Amino acid sequence: MADDDDAEQLAPVTVAKSSQRHRLPRISPVVAAGLTLVVAVGALVGWLGFRAHQADQGQALRNLYVQTARQAALNLTTISYTEADTDIRRILDSSTGAFRDDFQRRSEPFVAVVKQARSKSEGTVTEAGLESVNGDGAQVLLAVSVRTSLAEAPAGPPRNWRMRISVAKDGAGARISNVQFVS
């Protein structure tokens with residue numbers, strides 16, 4: 001009998017297949033609609049957040065272009081015979097391309113004239129606005145008021161100028177690439 005008990009223990013146990021299969025619980029249409037709505041709202045919020053980020057970056061770039069042009073206009077119109085070399089260096093440091101090369105070529109005679117005349121000019125930007133953006137550059141229109149005095153003459157009334165300054169993106173910043181006086 002012991003052998004019979006061992007045989008029973010070693011005999012394979014067969015489990016009868018049941019006619020019922022394990023089924024996943026069914027998802028109700030309300031739950032499915034809710035999950036779909038959550039996914040759609042999540043995608044919409046992500047897309048809107050991305051678009052807002054792009055808009056913020058675009059506005060920051062436009063502000064950079066206008067601020068660079070404003071500073072360039074001040075640099076170009078605020079020059080003193082006592083600081084002429086520093087003033088010219090500041091203009092050169094904020095410019096690029098053909099404009100920079102041309103300005104650098106003309107800077108020595110300009111400094112000599114400013115020092116000889118003992119000239120002082122002070123510019124004020126009264127208005128500035130972005131005219132256009134194209135690729136990695138922009139055109140900025142500016143209205144500038146400039147008061148100039150010479151050694152022999154007191155300062156006269158300020159002169160008003162309108163300028164179009166081309167600005168080119170340069171790494172994390174921007175530099176001026178052209179200056180035009182607009183009538």
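Begin with the lining of the largest pocket: by class it holds 14 nonpolar, five polar and two charged residues. Here Ala, Val, Leu, Ile, Met, Phe, Trp, Tyr, Cys and Pro count as nonpolar, Asp, Glu, Lys and Arg as charged, and the others, Gly among them, as polar. The model is predicted, with local features requiring pLDDT of at least 70 and side-chain atom pairs pLDDT 80 or more, while totals for chains, interfaces and linings use all residues. Residues are numbered from 1 along each chain as its sequence is written, and side-chain values use heavy atoms, without hydrogens and water.

The volume of this pocket is about 460 Å³. A pocket is an open set of points on a 1 Å grid where a 1.4 Å probe fits, with protein on both sides within 12 Å along at least five of seven lines; lining residues have an atom within 4 Å of a point.

Next, select L76, T77, I79, F110 and W161, the closest to the pocket centre of the 21 lining residues.

Then display α4 (97-117), which gives the most to the lining, with nine residues. Helices (H or I, at least four residues) and strands (E, at least two) are DSSP runs.

Finally, select W161 and F181. Their ring centres are 5.5 Å apart and their planes stand at 85 degrees, so the pair is edge-to-face (centres within 6.5 Å, planes over 60 degrees apart, using the six-membered ring of Trp). W161 belongs to strand β4 and F181 to strand β5, so the pair ties together parts 20 residues apart in sequence. W161 is partly exposed at 32% relative accessibility, whereas F181 is exposed at 55% (exposed is over 50% relative accessible area, buried under 20%, partly exposed in between, with a 1.4 Å probe and protein chains only).

Definitions and conventions: Points joined across faces, edges and corners; volume = space filled by probe spheres on them. Phe/Tyr/Trp six-rings, centres within 6.5 Å; stacked < 30°, edge-to-face > 60°.
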